[in-house]
Amino acid sequence: MAFAELAVNTPVLRPGSFSYSIPAGLEIKPGQAVWAPFGPKIVQGIVLEVTEEPAFGQTREICGVISDTPLLSFHQLKLAKWISQTYLSSIYEAVALMLPPSFERQSLAYISLESSPPAAAKNPSETLSPNMQKILDRLKAKDITPQNELEKIFGKKTAQSAILKLINQGLVKRTYRISPVRAKTKFEKHFRLSVQALAFIKNQTLPKLSPRQTQVFNYLRENPGGISKSGLNLLVKNNSAVLKALEQKGLVSTEERQVFRQPVDYSLIPPLPHLELSPPQKKCLEFITRSLNTPPEDDQNPRTFLLHGITGSGKTEIYLQALAESLRLGKKAIVLVPEISLTPQTIARFAGRFPGQIAVLHSRLSPGEQFDEWQRIKNGQADIVIGPRSALFAPLDKPGIIIIDEEQEWTYKQQDPQPRYHTRTVANKMAEEYGAVLVLGSATPDIDSYFKAQKGIYQLLELPERLTPYRGASLPKTELVDMRTELSEGNRSIFSRNLQASIEKVLANHEQAILFINRRGGASFIQCRDCGYVAMCKSCDAPLTYHPDQENLVCHQCGRHYPNPLTCPKCGSRRIKYLGMGTQKLEEETRLAFPQAKLLRWDSDVIKSKNTHQQIMDKFSCHQADILIGTQMVAKGLDLPDVTLVGVINADISLNLPDFRAGERTFQLLAQVAGRAGRGISGGKVVIQTYSPENYAIRSAVCHDYPGFYAKEIVYRQALNNPPFRKLACLVFSHLNHDFCQQQAKLMAKTLREKAEAVGLGNLEILGPAPAFIQRLRGRYRYQLILRSPNPAEFLREINPGQGWSIDIDPYGLC
């Protein structure tokens, strides 16, 4: 008998696989999807390996096969196991990253009457609660009912309690069914003239047709390849009866054809020619193509490249020409961008160079579009996959190159749910597994990446000159404004006199400006000026943000909405003050200060559909607005030649967070947003407003001085043993009860310290426990522990923290 080790789709505390026996006559291969029993349910499982002996003594049989062929390759299964080990997730959570969109299906509970209730339950009405009786009456009327439907009617806890009591009394039973498929191949009817109709035409013996039948017949005659039902509906309304009559006369034949749900209309993208490279670009490309043409086993140099180029230095053209070389060698490619908002612009550039070879994967596509794109990639119909971090796991058979643009961005770190992987780290492992080349591009590299490049772990490639709008163009002039001086001299506006004059000049010259503030909403918080009350979320220890467009308060942690109070709920005062600023408030103030300007706002509050990003970009690119106001979405990768001014309203927002990366984040944001200016022939200017003009991160950003910033930052990191000199792990315990939460965190800290001492880990630091930066989130209190060592994951692998705990290896932030 053969056995299979499965990753099962169910929450499990044990991180490993489960052993199942393979029924006789059923052929199972690694990577295949199967149905397997787990407790009372039937769940999905992915075959990790087939063995002659089970890893565990007792086994149950696999129920059946979901996919006839493997969904995952040997390399993908190996990578999933590594992700599970590295980030301490279950093996199925790691495998799920690589499965087809909409693959996961849960077992749904159904409740029905017992066909043979016990004799003692002949007259149960006297022993039943009102809710139990109502559920029983409902089942008598409807028979089998989904449990979640009963939970919606009676409330989740009430329904679950009543159902359990009814089951214990033998009155009802619970069974399980698999949820329906959410996305599958789409087919549509196509119509064409039949062989008989063609013979009639040839012999000029057409039967008599009505005017509408003649109209449809002529359309089909003009389209010999056939026409879809939806296409025909655009030409002839209410055509069902007409088509039926033509079928009955033997003039029309029908067939089902697959319809590909294409997320991008590539016909609108013009072709783009190869550009002549500058000498620094040529040198960088030569290093990359040399590795592409060298077998991994013969390559003596690192195959991971850090492409450090200032904004506008031509990194994208190097990507494009490196991709062309990879495709020439018969290999495929993955291109990652940090935000979905950048995907349309990236697609336009890459599809213009590689028409018909692009596939797109991201979460804002419909389930059907995601399904079709995944299938195209799996079937070898796409050579280049573009998207945010999830696109890394596209089912490419031979990736030769992986490109991560803006590699420093925090969005490449998966925050929730598990596995909490970092795309850059996984891409490194993936490139090693496939023998591929990895290119990390950035104008402001992550400190860890630049450190590895300095140590020779990565190859450092540099582009020191700007090519936009012409070779050798200078970076925009950047001016620092001390807002403390503005206040002392009587200017209480959010615009310094410098920024005010600069905006007026831009408007007078019919140019464009970007105003950046890394906070959305209107006021950051509201406060009573009499008693000091601050409106807080009832579920989170976080102040509520005022959103003027909705006239309500919103918690940016859990998303709950609250009515805007006209009087103080604590003391009744009407002296409610709106303090702080976000993008909506900035939009209001800008409209008041510059009434002649046309404004656009770009933040997550205005993103309503997958096309909103592109619509905003198109409007601003076509100069339908003079000023673009936004959060960090406007700071990344945008190439807008008419933008001659960038104004940073408050450079200090991210500077004082309790996180060792605060300085790095501030520098990167300021340098990136400054790089949006001066990409046209008119040049550019950047005005940075701050209350901390002496800060090293802000001063380095003003001078566009990454090496200077790195030199200071790396000294601080080394002094405190922070990454890249040590690795971190963050353990968070959450619970509804504060005292219990604190107690469990202290107990875990004690356990970890005793374990570290027992195994002699003198280089392991355990910091805490301490309340998380937002101590209560979505109604649950949170305490955290920070582990700092060369490899905290290896130490934690032997620890089973239990329910309520989450572990984040290499956390991006400690807030």
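**Terms and values**

Guide: Setting aside residues up to four places away in sequence, Arg424 touches Ile404, Glu407, Leu438, Leu440, Asp446 and Ser449, where contact means heavy atoms within 4.5 Å. This is a predicted model, in which local features need pLDDT of at least 70, side-chain atom pairs count only at pLDDT 80 or more, and totals for chains, interfaces and linings use all residues. Residues are numbered from 1 along each chain as its sequence is written, and side-chain values use heavy atoms, with hydrogens and water left out.

Visitor: Why does Arg424 count as buried?

Guide: Buried means under 20% relative accessible area, exposed over 50%, and partly exposed in between (1.4 Å probe, protein chains only). Arg424 has 7% relative accessibility, so Arg424 counts as buried.

Visitor: What joins the side chains of Arg424 and Asp446?

Guide: A polar contact of 3.5 Å joins them. The term requires a pair of N or O atoms within 3.5 Å; within protein, one must be able to donate a hydrogen and the other to accept it, and residues adjacent in sequence count only if both atoms are side-chain atoms.

Visitor: Which residues of H7 are buried?

Guide: In H7, the buried residues are Gln213, Val216, Phe217 and Leu220. Seen down the axis of H7, the buried residues fall within an arc of 100 degrees, so they line one face of the helix. The arc is that of the directions from the helix axis to the C-beta atoms.

Visitor: Which residues are exposed on the other side of H7?

Guide: Pro211 and Glu222 are exposed there.

Key:
Helix = DSSP H or I, 4+ residues; strand = E, 2+ residues; numbered from the N terminus.
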